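Biologist: Please take a close look at one part of this model. Start at a loop, then follow the chain into its surroundings.

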Amino acid sequence: MSPSAADTKLILASASPRRRQLLTEAGIAFEVQPAHIDEDLPSRSHQPWAEAERLALAKARTIAEARPQDGRWVLGADTIVVLGDEIIGKPLDDADAMAILGRLSGASQQVITGVALVKSGPCGQALVRSATTLIIMRPIPPEEIRRYVASGASRGKAGAYAIQEGGDKYVERMEGSLSNVVGLPMEMLREMLAEVGLLE
């Protein structure tokens with residue numbers, strides 16, 4: 001589908017440049033209106049996918065409710081990293097980023113992205129799903145962690161790394177969607193957009 005076919009019937013409730021890039025590369029037209037919500041997560045959860053979906057839905061609903069006359073679809077997404085039963089969000093600072101990467105070093109983890117589509121207007125129709133990718137990291141020497149964090153690539157990233165910003169060199173094995181790890185599982189999103197009539 002060409003971008004003009006959607007005619008910006010989709011609003012992205014995110015300021016993430018990675019999500020914008022994924023949508024643009026897929027030829028999906030969209031408008032950006034970031035949602036500002038409390039993204040605090042419990043440190044542990046038996047259903048971490050539900051937490052990612054909850055935040056994605058909250059983001060999409062915030063923008064949909066602010067534009068009740070639009071009748072357009074709002075896309076919300078939230079990515080988390082799960083180590084064991086612990087949810088790891090964005091690092092508080094560089095010291096926290098170093099501690100997080102030290103724990104992820106040599107370990108297997110899940111990267112989960114919740115995705116929500118909410119239609120603005122009185123009906124408030126919503127479609128919510130999540131995708132999971134398994135990542136196994138190689139052991140990372142402390143000096144490498146220090147250099148990576150000092151580069152700024154950890155800031156604002158769930159799990160303190162970005163696979164598209166040098167983090168891929170630490171990945172020993174990956175099972176699942178690469179775009180999910182970047183921040184938006186495009187395979188699943190295409191299915192969702194087709195279900196609501198935004199893609200053929």
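**The strand behind the loop**

Modeller: Aspartate 85 is partly exposed, at a relative accessible area of 35% (buried is under 20%, exposed is over 50%, partly exposed is in between; 1.4 Å probe, protein chains only). The model is predicted: local features need pLDDT of at least 70, side-chain atom pairs count only at pLDDT 80 or more, and totals for chains, interfaces and linings use all residues. Residues are numbered from 1 along each chain as its sequence is written, and side-chain values use heavy atoms, with hydrogens and water left out.

Aspartate 85 sits in the loop between S3 and S4 (strands are DSSP runs of E, at least two residues; helices are runs of H or I, at least four; both are numbered from the N terminus). Glycine 84 has a positive phi near 65° in the S3 and S4 hairpin, where two residues separate the strands. From aspartate 85 back to tryptophan 73 is twelve residues along the chain, and their C-alpha atoms are 33 Å apart.

Now S3 itself. Strand S3 covers residues 73-83, and eleven of the eleven are buried, so the rest of the structure largely encloses it. In a regular strand, side chains alternate between the two faces of the sheet. Both faces of S3 are covered. One side carries Trp73, Leu75, Ala77, Thr79, Val81 and Leu83, all buried. The other carries Val74, Gly76, Asp78, Ile80 and Val82, also all buried.

Next, the pairing partners of S3 (strands pair if DSSP finds at least two bridges between them). S5, residues 108-119, pairs with S3 in the antiparallel sense over ten bridges. Within S5, threonine 113 is the bridge partner of threonine 79. S4, residues 86-88, is also antiparallel to S3, over three bridges. There, isoleucine 87 is the bridge partner of valine 82. S1, residues 10-12, runs parallel to S3, over three bridges. Leucine 10 stands opposite tryptophan 73.

A helix joins the picture. The buried residues of H3 pack against S3, and also against S1, S4, S5 and strand S6 (126-137) (contact means heavy atoms within 4.5 Å). H3 spans residues 48-66, which is 19 residues. Its first and last C-alpha atoms are 28 Å apart, close to the 27 Å expected at 1.5 Å a residue (expected span is 1.5 Å times one less than the number of residues). Its buried residues include Leu55, Ala56, Lys59, Ala60 and Ile63. Two glutamates, Glu51 and Glu53, are on that buried list too.

Past S1 comes serine 14, in the loop between S1 and helix H2 (17-25). Serine 14 is buried, with a relative accessible area of 9%. Its side chain makes a polar contact of 3.4 Å with the side chain of arginine 19 (N or O atoms within 3.5 Å; within protein, one must be able to donate a hydrogen and the other to accept it, and residues adjacent in sequence count only if both atoms are side-chain atoms). Leaving out residues up to four places away in sequence, serine 14 touches Arg19, Val32, Gln33, Pro34 and Ala35.
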